[in-house]
Amino acid sequence: MKLRTRSALKAASLAAAGLMLAGCGLSSGSSVPLAVEPGIIQPVPELEGQTITVGSKNFTEQLILGYLGEFALSAAGADVRDLSSIQGSSTARKALTSDQIDVLFDYTGTSWISYNGNNDPIPDARAQFEAVREQDLERNGVAWTAVNYQVDNTYAFAVNQDAAQRLGVQNLSDIQQVVAEHPEDATFCVDTEFASRNDGLPGVEETYGFKTNPGNVKVLTEGAIYQATADGTCTFGEVFTTDGRIPALNLKVLADDKQFFPRYNVGVTLRDEMLKRYPQLTQVFQPIAEKLTNEELMKLNAQVDVDGRDPADVARDWMAEKGLIKIPGQG
């Protein structure tokens, strides 16, 4: 991830503070990094001066989403605390349920599979959300709002153009033939979570009927996988479908022809009591959901991962461009 100094230093300081929820736990957060003024998102009297802590996980898209939430709340008049770049999905969710953060943009598929332990995804996005909403509320006291069906950041496998042509792969079903007939090409680059999650590599193997040679699986950081796939270090690279490095590196995404991967629609998660206390939060976040699409998010991610911009700058500029907020001094 190519972040400028502010975000890089922040991520390092949070990591040094110890982001696992043992011992002293998470820090109290810092102030919002950039100032904003109301636009389409207007001040909400009930939120004026209320302290709300926004968290995010520690990858580019989550940082951007977290800042979108922070700027929206700031425009609405809340006193916002920034606790972004939390290591790992389970740690971020624990931070939410243990009152260490109040707001977390999350994914319906992550909740369904990882937090609630379901094995079978629901292909229809709305049905998947309704199932997640019900289970999260009953089991975890977590409420969802401002769910965005236009954004589905699901998992996928990608190959470079040479591998696509040489091996003739178009779909995930084609991997079985590569494993059987060209085992030397059946190499995979995945991150730590994907290597063990049941909505990751183990589930893909079971659904598509192949078994990888452990020696052909390289576990890399999420950011390194894209370049490794483009360079041919591995044939099949785990990617996220909204990642801006896919078009930048001219990667080909294989179709999930058996619809294995869950829908990973984006929504805002809060503790149920928090949303009941401030139901106005829905009107604060809804304008973001109405403007954001997979294509828009891919462009935002590319500005960070390809162009090297700071995610806070990217998030604020996008919100100003869409009229959601105004940048002080720019009218």
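Visitor: Leaving aside its neighbours within four places in sequence, which residues is threonine 229 in contact with?
Guide: First, a caution: this is a predicted model. Contact here means heavy atoms within 4.5 Å. Beyond those sequence neighbours, threonine 229 is in contact with Ala158, Val159, Asn160, Cys234, Thr235, Gly237 and Leu251.

Visitor: Where is threonine 229 found, and is it buried or exposed?
Guide: Threonine 229 is part of helix α10, which covers residues 222–231. Buried means under 20% relative accessible area. Threonine 229 has a relative accessible area of 0%, so it counts as buried.

Visitor: Now strands. How do side chains sit along a strand?
Guide: In a regular strand they alternate between the two faces of the sheet. Val103, Phe105 and Tyr107 are on one side. Leu104 and Asp106 are on the other.

Visitor: Are those faces of β5 covered or open?
Guide: Both faces are covered, and the residues named on each side are all buried.

Visitor: Which strands pair with β5, and in what sense?
Guide: Take the partners in turn. Strand β3, residues 51–57, pairs with β5 in the parallel sense, over two bridges. Strand β12, residues 265–271, runs antiparallel to β5, and four bridges join them.

Visitor: Which residues does leucine 104 face in those strands?
Guide: Leucine 104 is the bridge partner of glycine 55. In β12, leucine 104 stands opposite threonine 269.

Visitor: On to helices. At what angle do α2 and α15 cross?
Guide: Helix α2 spans residues 60–75 and helix α15 spans residues 311–321. Their axes come within 8 Å and cross at roughly 55°. The crossing of α2 past α15 is right-handed.

Visitor: Which residues of α2 and α15 meet, and of what class are they?
Guide: From α2 come Leu63, Ile64, Tyr67, Leu68, Phe71 and Ala72. They meet Pro311, Ala312, Val314, Ala315, Arg316, Trp318 and Met319 of α15. By class, this contact has 12 nonpolar, no polar and one charged residues.

Visitor: How do α4 and α5 pack?
Guide: Helix α4 is residues 108–115, and helix α5 is residues 125–140. They pack at about 55°, with axes 9 Å apart. These two helices are therefore oblique to each other. Here α4 passes α5 in a left-handed crossing.

Visitor: Which residues meet there, and of what class are they?
Guide: Thr108, Ser111 and Trp112 in α4 meet Gln128, Phe129, Ala131, Val132, Gln135 and Asp136 in α5. The contact of α4 with α5 has four nonpolar, four polar and one charged residues.

Definitions and conventions. Residues are numbered from 1 along each chain as its sequence is written. This is a predicted model: local features need pLDDT of at least 70, side-chain atom pairs count only at pLDDT 80 or more; totals for chains, interfaces and linings use all residues. Side-chain values use heavy atoms; hydrogens and water are left out. Buried means under 20% relative accessible area, exposed over 50%, partly exposed in between (1.4 Å probe, protein chains only). Two strands pair if DSSP finds at least two bridges between them. Axes are lines fitted to C-alpha atoms, for helices over the stretch in contact, and angles run from 0 to 180 degrees between N-to-C directions. A crossing is left-handed if the near helix is turned anticlockwise from the far one by less than a right angle, and right-handed if clockwise. Ala, Val, Leu, Ile, Met, Phe, Trp, Tyr, Cys and Pro count as nonpolar, Asp, Glu, Lys and Arg as charged, and the others, Gly among them, as polar. Angles under 35 degrees count as roughly parallel, over 145 as roughly antiparallel, 65 to 115 as roughly perpendicular and the rest as oblique.
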